[in-house]
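Subject: The two-chain model, with notes

Hi,

Here is the structure I promised to pass on. Have a look at it first, and then read on for what I found.

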Amino acid sequence: MSTQPAIRLTGLTKSFGSVNAVSGVNLDIAPGEFFSMLGPSGSGKTTVLRMIAGFETPTSGTVELFGKDVTKDAPFDRDVNTVFQDYALFPHMSVLENVAYGLRVRGVKIDARNNAARDALALVRLEGYGDRKPTQLSGGQRQRVALARALVVEPKVLLLDEPLGALDLKLREQMQVELKEIQRRLGITFIFVTHDQEEALTLSDRIAVFNEGGIVQLGDAEDVYRRPQTPFVANFVGTSAVFTADEAKAVLGHKGACSIRPEHLEIVRGKAPAGTIGLPGTVAETIFLGASTRIIVDLDAGKRVAVLEQNDLNTTDTKLGTKVTVAVYPRFLAPLT
Amino acid sequence: MRLSMTSKIGLWVTTALTLAFIYVPILVVVLNSFSTSRTLSWPPPGFTTEWWGKALTNAGALSAISTSLIVAAASTVIALLLGTALSFALHRFSFFGKSTVNLLVVLPIALPGIVTGIALNNAFRTMLDMQLGWFTIIVAHATFCVVTVFNNVFARLRRVGTSLEEASSDLGAGIWTTFRLVTFPQIRSALFAGGLLSFALSFDEIIVTTFTAGSGVQTLPIFILDNMFRPNQAPIVAVVAVVMILIAIVPIYIAQRLTTTDNR
């Protein structure tokens, strides 16, 4: 990369007692990137975020912000701001005072900071809410206030810790679009922590998948989804049928461990199309999902796979116990390391 | 929950009897302070405000009231400072012996007053070679007043958590700014409630006071105990008792109002 990274983590490690919450994370995040840290709870992603923000001191390793080592700096000396999972709005202040807070502690005069706060509220579409108390707002509105409060001080990097976790599905999808728009408009680096794979795939330029305190795969959404490198990624980001090297050889006649997505399998009657591997089996279960149906097939070779079938005009009739053939397109087999 | 009529009546009667048992004697004290009888005989033969006039010009009573107010105020100030510092130490930091310190801090409120009294009396006189007086009473009261402040502030810190302070620090505020703008407003009402309780606790304390006051300083409860059985002093004692009731009720009432509005 020609430009200096916004964030560079080198050998970042954090132990709590004898437990390694994060071990040896190396990562460069480019300026203006929408970067997601995706992983289950306890995978270390939030701890990494807290070390970037300065709330946790690394046991070893360094955090660099635009080339400057900030590992030992207090949170208030770092040019990064955080949108907290529980929003952490100050309950004794009005919405406007909350948003203006970062400017207030920087000594900005009251008129100037209130104007800036009103602009920030407008950015998150909360004009006219300045006089309310945080308790008088809905979850989605509080979320926007927290975002406005972090953005008003114009950070170079914005950290978002599961910011949409507490919202219901519709609101979450709406906020995802807004977040992406705001990020594109302001050109700030966003580091987004989530355990929701769909959210990460939708929003991110790049995704780091975390498991057990380290990054297990790093790449753009398509990379991570299409070419999962480990069984963990294959099943944490979406679902996959995972074949060990032995299974792959016995069932697929394929060399080396691999995985395949349910939507890349096809149920056929009779002979499998040319160029595919046909696997005979019995329908064990069907789960109707609306636009698609998930069909679980017990292969005769002794492996259970899931097939996602679109409910379009050519839907096959698959009752429980039906003998079917599952067609595997070899080019969709993702090799595992 | 739905209750049958009989159990409702039963509960009402029990409640009324219990409250009557607590408050009727207090009411009697109030009536006695206006009684024409010198020996607090019952029923009062007549009513007069003579004792109120006498009590309010009685040098001993007045000085006892001001002594008690000063002692309560001083021990409350000490309790606020130490109690707050303690609750922050025990909530925010982990250190060797933390749970022991926690126990030792709370223990004085459970220890029998007479034990605390004897122990402090001994320590002040024989070990430290000090004259008993203002200083020793205030220190003795502070030992249990600290607990009420600590309990209130500690509970508040637990409830509020640290995320607001993290947010403040994240937005660029230094440690003192964060304390002034975020932490203090969050614990203010807990400090107030703890302080009031501590004031009330010190104001009517008698056992520890007896052992640490010496002969020169007389607090209000000690004044009452000394004068209760003296001839002609009983009605004045009743007046002083009513004054004490008033001074004790107001802070407790305010403290309770504060905690309920906070919980809403």
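Which residues of H2(A) are buried? They are Val95(A), Leu96(A), Asn98(A), Val99(A), Ala100(A), Tyr101(A), Gly102(A), Leu103(A) and Arg104(A). Here a residue is buried if 20 or more other C-beta atoms lie within 10 Å of its own, exposed if 12 or fewer, and partly exposed in between, with C-beta atoms placed from the backbone. Helices (H or I, at least four residues) and strands (E, at least two) are DSSP runs, numbered from the N terminus.

Before going further, please keep in mind that this is a predicted model: local features need pLDDT of at least 70, side-chain atom pairs count only at pLDDT 80 or more, and totals for chains, interfaces and linings use all residues. Residues are numbered from 1 along each chain as its sequence is written, and chains are lettered from A and ligands numbered from 1 in the order in which they are written.

Helix H2 and the contact between the chains

Because 9 of the 10 residues of H2(A) are buried, this helix is largely enclosed by the rest of the structure. Its buried residues pack against helix H3 (110-123) and helix H4 (139-151) of chain A. Two residues are in contact if their C-beta atoms, placed from the backbone, lie within 7 Å.

By that rule, 17 residues of chain A are in contact with 13 residues of chain B. On the chain A side, strand S6 (80-83) and helix H2 (95-104) each supply at least two residues. That side has 10 nonpolar, 4 polar and 3 charged residues (Ala, Val, Leu, Ile, Met, Phe, Trp, Tyr, Cys and Pro count as nonpolar, Asp, Glu, Lys and Arg as charged, and the others, Gly among them, as polar).

The loop between S6 and H2 of chain A holds Tyr87(A). Phi of Tyr87(A) is near 70 degrees, a positive value in a residue other than glycine. Tyr87(A) is buried, with 22 other C-beta atoms within 10 Å. Glu154(A) is partly exposed, with 15 other C-beta atoms within 10 Å.

Two strands pair if DSSP finds at least two bridges between them. Strand S12 (residues 258-260) and S18(A) pair over 2 bridges, and Cys258(A) stands opposite Pro335(A) in S18(A).

Chain B

How many helices and strands does chain B have? There are 11 helices and 0 strands. The C-alpha trace of chain B spans about 70 × 65 × 30 Å along its principal axes, and 34% of its 264 residues count as buried.

UniProt, in an unreviewed entry, lists residues 65-255 of chain B as "domain: ABC transmembrane type-1". UniProt positions are given in the numbering used here, feature names are shortened, and annotations may be inferred rather than shown by experiment. Over residues 65-255 the chain is 82% helix and 0% strand, with the end C-alpha atoms 22 Å apart. The "transmembrane region" annotation, also from an unreviewed entry, covers several spans, including 61-89 and 234-255 of chain B. Residues 61-89 are 100% helix, with end C-alpha atoms 41 Å apart. Residues 234-255 are 100% helix too, with end C-alpha atoms 32 Å apart.
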